[in-house]
Amino acid sequence: GLNFTFSGDEGIIIGTVSVGAGSVSINSTTSYEDPRRPLFNTSTLARNDYGSTAAAVSLEFTAAINFFGLSQSSLFVNNNGNVTFGSSSSTFTPSNLVASGQKPRIAPFFADVDTNGALSNEVTYGTGTIDGHRAFGVNWPGVGYFSQKTDKLNFFQLVLIERLDTTVAGDFDIELNYEQIQWETGNSVGVGGRSARVGFTK
């Protein structure tokens, strides 16, 4: 199954969602620390508006993960707040994640991220270890929005964690961590219009 952890601004953990065999459970807890993990910064996606990694990036897990029946061992990091399997995505207007014809995607904040602004930080990614498990993560550590706007900045993170300790082959956890969200859409003021999408599509 897929296990999701959502953690929010100022370290308030909104909830943990476990998606298993026909059931969904939500548990809430609270802490007061930045929920983002201080990892995953060995590689940097150069400043851009709607770019991606030039090639698929290896998760460097022991085995491939099972993403809705498809074995995946690598992914593309997309500047616009998401990762995709199989091919990159330059889409900057967030689409309905449950609509047909979507790329396999995991999106902590699918929106028109633009890191070309002088005050925006660049997207970073890399591997690490969490509680003894191999992990891959992507950081959007204070990113602006289209077009080169930096009066509002978003800080969020995606983490994939290999779970060889479960009985399900290819099992893994997904964490979506948020420290600060100030804008929701890529326009002149960062609010209104086509709001960001959060979640996944198979």
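1. Buried means under 20% relative accessible area, exposed means over 50%, and partly exposed lies in between, with a 1.4 Å probe and protein chains only. By that cut-off tyrosine 145 is buried, at a relative accessible area of 0%. Tryptophan 183 also counts as buried, at 1% relative accessibility.

2. This is a predicted model: local features need pLDDT of at least 70, side-chain atom pairs count only at pLDDT 80 or more, and totals for chains, interfaces and linings use all residues. Residues are numbered from 1 along each chain as its sequence is written, and side-chain values use heavy atoms, with hydrogens and water left out.

3. The chain has 16 strands and zero helices. Both are DSSP runs numbered from the N terminus: helices are H or I with at least four residues, strands are E with at least two. Of the 202 residues in the chain, 45% are buried.

4. Five strands form an open sheet in the order 5-8-9-10-16, with antiparallel pairing. Two strands pair if DSSP finds at least two bridges between them. Strand 5 (57-58) and strand 16 (197-201) are the edges, each pairing on one side only. Strand 10 and strand 16 run antiparallel and are joined by four bridges. Arginine 105 stands opposite threonine 201 in strand 16.

5. Next, the core. A nonpolar core is a set of buried Ala, Val, Leu, Ile, Met, Phe, Trp, Tyr and Cys residues joined through side-chain atoms within 4.5 Å. The largest one has 29 residues, and Phe136 and Leu160 have the most contacts inside it. Strands that each supply at least two of its residues include strand 12 (123-130), strand 13 (133-145) and strand 14 (149-162). Strand 13 gives the largest share, five residues.

6. What does leucine 160 touch, leaving aside its neighbours within four places in sequence? Its contacts (heavy atoms within 4.5 Å) include Leu59, Phe61, Ile106, Phe136 and Phe172.

7. Finally, the aromatic rings. Rings of Phe, Tyr and Trp (its six-membered ring) pair if their centres lie within 6.5 Å; planes under 30 degrees apart count as stacked, over 60 as edge-to-face, the rest as tilted. The whole structure holds ten aromatic pairs. Tryptophan 140 and phenylalanine 156 are stacked, 4.9 Å centre to centre with 10° between the planes. Tyrosine 145 and tryptophan 183 are tilted, at 5.4 Å and 40°. Tyrosine 145 lies in strand 13 and tryptophan 183 in the loop between strand 15 and strand 16, so this pair ties together parts 38 residues apart in sequence.
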